[in-house]
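Biologist: Could you walk me through reading this model? I would like to begin with contacts.

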Amino acid sequence: MEKKTAGPNAPQRIYMLGRFRKAVKWAALFSQLCSIKGDSRTSLEAEAYASYMKGTLLFEQEKNIEAAMLNFKNTRTVYEELGKYGSIENQLLCRQRIEEVEPMIGFCSRKLGGSALQEHDLLDMEKEGPAYDLFKAKIEAVLSETRSQQAASMTEFNWLGRRFPITSAKTRVSILKAQQLEKDLNGAATEPIPADKKLAIFDKLFSAYHEARSCIRNDLASAGNAENIRDELNGLDKAVSAVLGLRTIERNQLLVTIAKSKFAKHRDEKNEKITKPEELVRLYDLLIQNTTDLTDLVSSGRDKNEEENAFVREYELKDLAFRAERCFYLAKSYSSVSKRAEAYALFSYAHSLADSALQELANSPHKTLIQDLEALSFNCRSNSCIEHATGIMEDESAPERLSKGVSTISLGDDKRKDTKYLLDILGSYESALGEQSAKAPCRISQFPPPFQSVPCNPIVLDMAYNTIEFPNLENRMKKEKKGLLRRFWG
């Protein structure tokens, strides 16, 4: 870098690039040595340093900007993951390295502005192949080591004002992993996380909590008759199950948000699938079931504290709001099939449920829930008025439609043009394709074939059968020959 700032002449640049090549060579050798002798974290840091040096060399040479950008992105990814764990000093160092790499990525992006290889292609290249799988496996190894170190200082689990001791190391690691995923789920305030990425984080979060519950129940099975240990493990299992139920509700609420955004849209050029009201009804059924299970689990204890009572009360009100939303979209489904009376009744009932929930939440700090219920109450009122007016209009226009239909009934021959099929006009040179401008299929034969009238068979009553005397035909029958013994015995 000293030679770079000295001057732009050719000899200095050649000397600078030579020094850079040596630095890249030694960085690669250092990364190989750390992968053999060092632990996973040291190996990963050395690999990030080697990627940074290689990307800097390629950027200075201006030969392969795509590869330089890939190396810088790998470096940033490593330091972002390493910065989530460890001490404060380690997090600050990782943040500093990320700030050094970010301008280089920006420069590469600008230079690639007119290139055929765009940024999203580079991101796809970065996440393909066995190299990315090995890289991801190294990150997971480092994270598991760091979680194990942090889990040694984790002695209890806090939930609604209660503290539950954690004795198993595996349980600590699983809960710590779940808590870190919860932090990732919240994300930064300036950069909201996309919905599909949130759903992927939720899946990992559920896996971590299920693993923690499995460890707790294994400890319960081996606890024996120690009542105090069993009580602590049962309390911890209840707390972890409650947190898992709470995160399940949050995930289903995210699915509802996604479905509502598609429900309000119209079909675009990409033929995006629009959410039907029945799908939202099903999602709200899940939310109601999840809320009921969670409140039953939390309220199952004998001596509940104030935080538990407040939690149960809060989710009982949310359950009422979910029922109002479900009733609203159920009314929408009836409205879509023109069942006006049923839709009007359901909209009115949803309006009453929303108003009841608003009265209960009058002094509540949940402003977002109150705003959602106010919007729902307004929509229920407006939709019930629309259904009422539409039903009256349909009833008023029903006699007119009936009289118009009766007036068009005719007993005479149909004056419309008969449809000609190819099998019926084989003897004439007429087209069976119809009009040239119409996009209708060829008329070859009518299917199913039309009904044809056929004469009935005549009814014959045979009245002379009982008076006829038939001749005796025994003399024409073949006589059976009998042997000597057969004749003797008759």
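Modeller: Gladly! Contact means heavy atoms within 4.5 Å. In this chain, among contacts with a separation of 6 or more, 63% join residues 24 or more positions apart. This is a predicted model, where local features need pLDDT of at least 70, side-chain atom pairs count only at pLDDT 80 or more, and totals for chains, interfaces and linings use all residues. Residues are numbered from 1 along each chain as its sequence is written, and side-chain values use heavy atoms, leaving out hydrogens and water.

Biologist: How many helices and strands does the chain have?

Modeller: Helices (H or I, at least four residues) and strands (E, at least two) are DSSP runs, numbered from the N terminus. Here there are 15 helices and two strands.

Biologist: At what angle do H12 and H13 pack?

Modeller: Axes are lines fitted to C-alpha atoms, for helices over the stretch in contact, and angles run from 0 to 180 degrees between N-to-C directions. Helix H12 (residues 306–336) packs on helix H13 (residues 340–360) at about 160°, with the axes 8 Å apart. Therefore H12 is roughly antiparallel to H13 (under 35 degrees is roughly parallel, over 145 roughly antiparallel, 65 to 115 roughly perpendicular, the rest oblique). The contact includes Leu 317 and Phe 328 of H12, and Leu 346 and Phe 347 of H13.

Biologist: Is Ala 345 buried, partly exposed or exposed?

Modeller: Buried means under 20% relative accessible area, exposed over 50%, and partly exposed in between (1.4 Å probe, protein chains only). Ala 345, in helix H13, counts as partly exposed because its relative accessibility is 45%. Across the 490 residues of the chain, 32% count as buried.
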